[in-house]
Amino acid sequence: MLRRKLVSSLFVGFCGAAVILALIPLAMILFFVVSQGIRALNVDFFTHMPTPVGEPGGGMANSIVGTLILTALGSLMAIPIGVLSGVYMSEYAGTRFASAIRFAADTLNGVPSIVIGVFTYGIAVLPFKQFSALAGGIALGIMMIPIIARTTEELLLLVPGTMREGALALGATRARAVFTVVLPAAAPGIVTGIVLALARIAGETAPLLFTSFNNRFFSTNVTQPISSLTVQVFTYAISPYEDWHRQAWAGALVLVGIVFVCSLLARFATRKMSGFTRS
Amino acid sequence: MRKDLGFRLGTGVFGLFLILIVAAIGFELTRQSMLSIQKFGLAFWTNATWDPVAGEFGALPFIWGTLYSSVLALLIATPIAIGIAVFITELCPQVLRQPLVFLTELLAAIPSIVYGLWGIFVLVPIVRALQVALPDALRGLPLFSGPPLGVGMLSATLILAVMVVPFTSSVAREVLKSVPVAQREAAYALGATRFEAISAALFYARTGIVGAVMLGFGRALGETMAVTMVIGNNPQVSASLFAPQYTMAAVLANEFTEAADELYLHALIEIGLVLFIITLIVNSLSRVLIWSMSRSAKAVPSTAVQPVAAEA
């Protein structure tokens, strides 16, 4: 009996230790990103351009604008495709075609981001012999689609069937029932999904390395290469210069800040939503 | 009725587009790597020499680096991830549950590039110090040989392990939740200790747990930035934990924009193609396992004691 109890306590202890083991790197990363990042983070970081090597100061204004443009382009592509294919999967849930879409979405979700980058290079960079913000937006969009599609599907399925039936009973067509009753009811949750997808792709580097590439200058032209926070942090991190390392940490702090704010926003929106999904 | 058909087609087109993207990835990667596939054939995967200048392309070091780092990362991450899942679903007080879920999910949300930055400036020096402190007797072993660089297989493995844990543990948590409560209560009623009851639940959920581990494996295989920044980027096949090595994803990240001639580019894209196929297989397998687990678990409560199942 004593031995069994001992084994049991050891096991409980191991599980607790596992949690602590996982939280140590989290705490360390957050500690370093905040403590190192804060040193270079000031107003200049958001409003100034990068300085040449050896000249301290400067910022990442062009990269921040670049990241905004890239995520906007990605969303423009992914939101309609994601939401509407999500609608199809939930409306025609039992069909073979819906299963095929679901399978494709899950597959796409598991494709390494670097492979998405290689693919986009083949379809959007190689034919034009030109890195461009547009290509970067496409790569990010491809990554967002499956996340949005699956979230939309899951949330639409949570909407009580009685709401749809009520609309249909009043003589609404299926399209009208979906777009005026079911989708609005699930909207807070879908917005959450989109926000989470945005948070994820804003932090992506690999698919941008050879699509949007990088740009030392301020650019809003979507047919030209564009800088992004992540690629800029990468460039700075592997450089041998102290100043650039400081800038990299500040960039990392901004990225983590974006992720953190988005997760909090998402939690807030789901809390509003959960009131009715439980019914 | 006609209008509904329009709606169905209208939304279906977007779904079709999603399917086409996946097909196009496979097609495009194959088309763009034809030169390399035709020239090297299967030898591409057994040749350990990667020399772009001489036009010799062998992908063995990258396959090796990817598999070695991912498997080692799984060995570290799996017990920890399952421990976390068990702690959150079975052991911890209710008030701690939500915060812990949030924290582990935050670990998954931190961008790869931030992991990499932390890896370069914090983890790598720690690993270097560790290697310097290693007793001489151990340094002779092939597993620990090599100069103390800090960058190398061990750093990559540790970072990968941290990054994989949240994925595996969140699926394992879902899987454990789907184990009927009655099953655990029966174990406790028979006088089982916590360990015995939980290991029965884990055994019941084994298919799903394996699925969760595979999902983590899929993530580790394709992880790019963090690994690129700490693995040392040296195409060699070595068993040493401290040797700088290379992975498939890392070579793409580093050399893609430098590929000067077409054969070089095609060789790199072929690596991308194989990475795509491997992750496709691993992920599909993991989904099938998780799915069959949740299906069989759902089938059980109807025959189990009803009041207990209703509590959830």
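Does Glu91(A), at 8% relative accessibility, count as buried or exposed? In this predicted model, Glu91(A) counts as buried, because its relative accessibility of 8% falls under the 20% limit.

The side chain of Glu91(A) takes part in salt bridges with two arginines, one of them Arg164(A), where the N to O distance is 2.1 Å. Since Arg164(A) lies in helix α7 (residues 161-169) of chain A and Glu91(A) in helix α3 (residues 61-91) of that chain, this pair ties together parts that are 73 residues apart in sequence. Glu91(A) also meets Arg174(A) in a salt bridge, at 2.9 Å from N to O, and this second pair links distant parts of the chain, with Arg174(A) placed in helix α8 (residues 174-202) and its partner in helix α3, 83 residues apart. Arg174(A) is itself partly exposed, with a relative accessible area of 26%, whereas Glu91(A) is buried.

Turning to chain B, its secondary structure comes to 14 helices and 2 strands, and its C-alpha atoms fill a box of roughly 70 × 70 × 30 Å along the principal axes. Of its 312 residues, 54% count as buried, and among contacts between residues at least 6 apart in sequence, 74% join residues at least 24 apart. Within helix α1 (residues 2-32) of chain B, Glu28(B) and Arg31(B) stand 3 residues apart, about one turn of the helix, and they form a salt bridge whose closest N and O atoms are 3.0 Å apart. Glu28(B) counts as buried at 7% relative accessibility, while Arg31(B), at 45%, counts as partly exposed.

The two chains meet at an interface in which 85 residues of chain A are in contact with 73 residues of chain B. The area buried between them is about 6,800 Å², of which carbon and sulfur atoms give 83%, and Phe11(A), Ile29(A) and Phe119(A) supply 9% of the area that chain A buries against chain B, more than any other three residues. Ala22(A), in helix α1 (residues 2-40) of chain A, touches Ile84(B), Leu107(B) and Val165(B), and it counts as buried at 6% relative accessibility.

Of the 12 salt bridges that the structure holds over all chains, the count between chain A and chain B is 2.

Conventions:
Residues are numbered from 1 along each chain as its sequence is written. Chains are lettered from A and ligands numbered from 1 in the order in which they are written. This is a predicted model: local features need pLDDT of at least 70, side-chain atom pairs count only at pLDDT 80 or more; totals for chains, interfaces and linings use all residues. Side-chain values use heavy atoms; hydrogens and water are left out. Helices (H or I, at least four residues) and strands (E, at least two) are DSSP runs, numbered from the N terminus. Buried means under 20% relative accessible area, exposed over 50%, partly exposed in between (1.4 Å probe, protein chains only). Contact means heavy atoms within 4.5 Å. Buried area is the accessible area (1.4 Å probe) that two parts lose on being put together, summed over both. A salt bridge is a side-chain nitrogen of Lys or Arg within 4 Å of a carboxyl oxygen of Asp or Glu. Lists of a residue's contacts leave out its neighbours within four places in sequence.
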